[in-house]
Amino acid sequence: PGSPSMSAVIITANVGMMILTATLGAGEEGGPMKALLSPPGVTLWLLGAKWAESIAAGEVWRLVTANYLHGGLVHLALNSLGMVTLGPLIERGFGWRKFFLIYTVTGIAGFALSDWWRPGALSIGASGALYGLLGFAFVFSRFRASLHARALSNQLLQWLLYGVAMFFIPGIDSIAHVGGAAAGAALALVVDPTEPRTRAGEAWLWFLTIAAFAVTFGSFAMMALSYPGHLAELQGQ
């Protein structure tokens with residue numbers, strides 16, 4: 001997609017968080033390999049997984065941090081494959097700034113719906129945001145792109161149908177997929193690849209991009225600040 005590649009940055013961040021998750025979870029039963037293949041739920045919670053009780057207590061930042069956590073190497077590999085496929089597709093057409101905005105907004109939307117619909121489930125993963133990218137690409141290519149580009153929507157539709165099949169697979173947060181895809185579809189109706197055309201539009205795009213970065217880094221800062229207290233709470237139980 002050119003330089004800088006936000007797709008590569010996000011994959012790198014996900015890999016970094018996977019390494020951190022495995023390192024912190026290595027002390028649990030099963031050792032480092034178990035933590036790498038299937039991290040303990042408590043470690044994921046400490047690092048910002050979506051958990052309704054914590055979000056209701058004010059830790060709304062979990063709607064962001066959960067997008068960068070994964071439940072093991074297989075989970076990470078599958079989502080990275082999706083990012084390698086969808087990320088460059090949207091980055092080439094819309095630029096890395098709009099791509100990051102779409103990724104951030106749809107990821108938050110996915111976990112927000114999951115938090116409301118499935119409050120008792122610990123949830124993590126980039127798939128809500130990936131379905132956001134998928135929903136965005138499908139709607140734009142189907143309804144707003146050229147006739148040549150519309151052929152792509154048929155392939156994307158197959159991916160969306162695979163997502164429907166995931167409703168029947170236990171342990172997958174399909175509600176987050178629905179929330180992300182719906183948010184992506186909505187954004188596809190208003191985001192224009194030719195914008196910004198004016199200096200004011202350029203300023204607004206930079207403002208929104210910086211805001212998305214601030215929300216992301218701020219969420220991880222809140223996770224880091226909350227970590228010692230949560231850890232002490234668990235050790236005191």
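1. Basis. Because the model is predicted, local features need pLDDT of at least 70 and side-chain atom pairs count only at pLDDT 80 or more, while totals for chains, interfaces and linings use all residues. Residues are numbered from 1 along each chain as its sequence is written, and side-chain values use heavy atoms, with hydrogens and water left out.

2. Secondary structure. The chain has 10 helices and zero strands, so from the N terminus on its elements run α-α-α-α-α-α-α-α-α-α. Helices (H or I, at least four residues) and strands (E, at least two) are DSSP runs, numbered from the N terminus.

3. Overall dimensions. The radius of gyration of the chain is 18 Å, which agrees with the value near 18 Å that a compact globule of 237 residues would have. That radius is taken over C-alpha atoms, and the globule rule is 2.2 Å times the number of residues to the power 0.38. Along its principal axes, the C-alpha trace spans about 60 × 40 × 30 Å.

4. Of the 237 residues, 46% are buried (buried means under 20% relative accessible area, exposed over 50%, partly exposed in between, with a 1.4 Å probe and protein chains only). The chain exposes about 11700 Å², and carbon and sulfur atoms supply 71% of that area. Accessible areas come from the Shrake-Rupley method with a 1.4 Å probe; for residues, only the protein chains shown count as cover. Among contacts (heavy atoms within 4.5 Å) between residues at least 6 apart in sequence, 76% join residues at least 24 apart.

5. How spaces are defined. The search uses a 1 Å grid over the protein atoms alone: a cavity is a set of points where a 1.4 Å probe fits but cannot get out, and a pocket is an open set with protein on both sides within 12 Å along at least five of seven lines. Lining residues have an atom within 4 Å of a point. Grid points are joined across faces, edges and corners, and a volume is the space filled by probe spheres set on the points.

6. Cavity. The structure holds one cavity of 30 Å³ or more, and the volume of the largest cavity is about 40 Å³. V64, N67, Y68, Y103, T104, I108 and T216 line the largest cavity. Helix α6 (residues 73-117) gives the largest share of this lining, three residues. The lining has four nonpolar, three polar and no charged residues. In this classing, Ala, Val, Leu, Ile, Met, Phe, Trp, Tyr, Cys and Pro count as nonpolar, Asp, Glu, Lys and Arg as charged, and the others, Gly among them, as polar.

7. Largest pocket. This pocket holds about 850 Å³ of space. Of its 30 lining residues, H75, N79, S127, M166 and H177 lie nearest the centre. The elements that give two or more residues to the lining are α3 (41-46), α6, α7 (127-143), α8 (147-165) and α9 (174-188). The largest share, eight residues, comes from α6. By class, the lining has 17 nonpolar, 11 polar and two charged residues.

8. Second largest pocket. About 260 Å³ of space lies here, lined by 14 residues, of which K98, L101, V191, L205 and L208 lie nearest the centre. Helices α6 and α10 (199-235) are the elements that give two or more residues to this lining. The lining has 10 nonpolar, one polar and three charged residues.

9. Cis peptide. E195 and P196 are placed in the loop between α9 and α10. The peptide bond from E195 to P196 is cis, with omega near 0°. Most peptide bonds are trans. E195 has a relative accessible area of 34%, so this residue is partly exposed. Between E195 and F94, 101 residues apart in sequence, the C-alpha to C-alpha distance is 8.7 Å.

10. L76. This residue is in helix α6 and is buried, because its relative accessible area is 8%. Leaving aside neighbours within four places in sequence, L76 is in contact with N14, V15, M18 and H70. The C-alpha atoms of L76 and S127 are 9.7 Å apart, with 51 residues of separation along the chain.

11. L189. The loop between α9 and α10 also holds L189, which counts as exposed at 55% relative accessibility. Beyond its neighbours within four places in sequence, L189 is in contact with V139 and R144. L189 and F143 are 46 residues apart in sequence, and 8.5 Å apart C-alpha to C-alpha.
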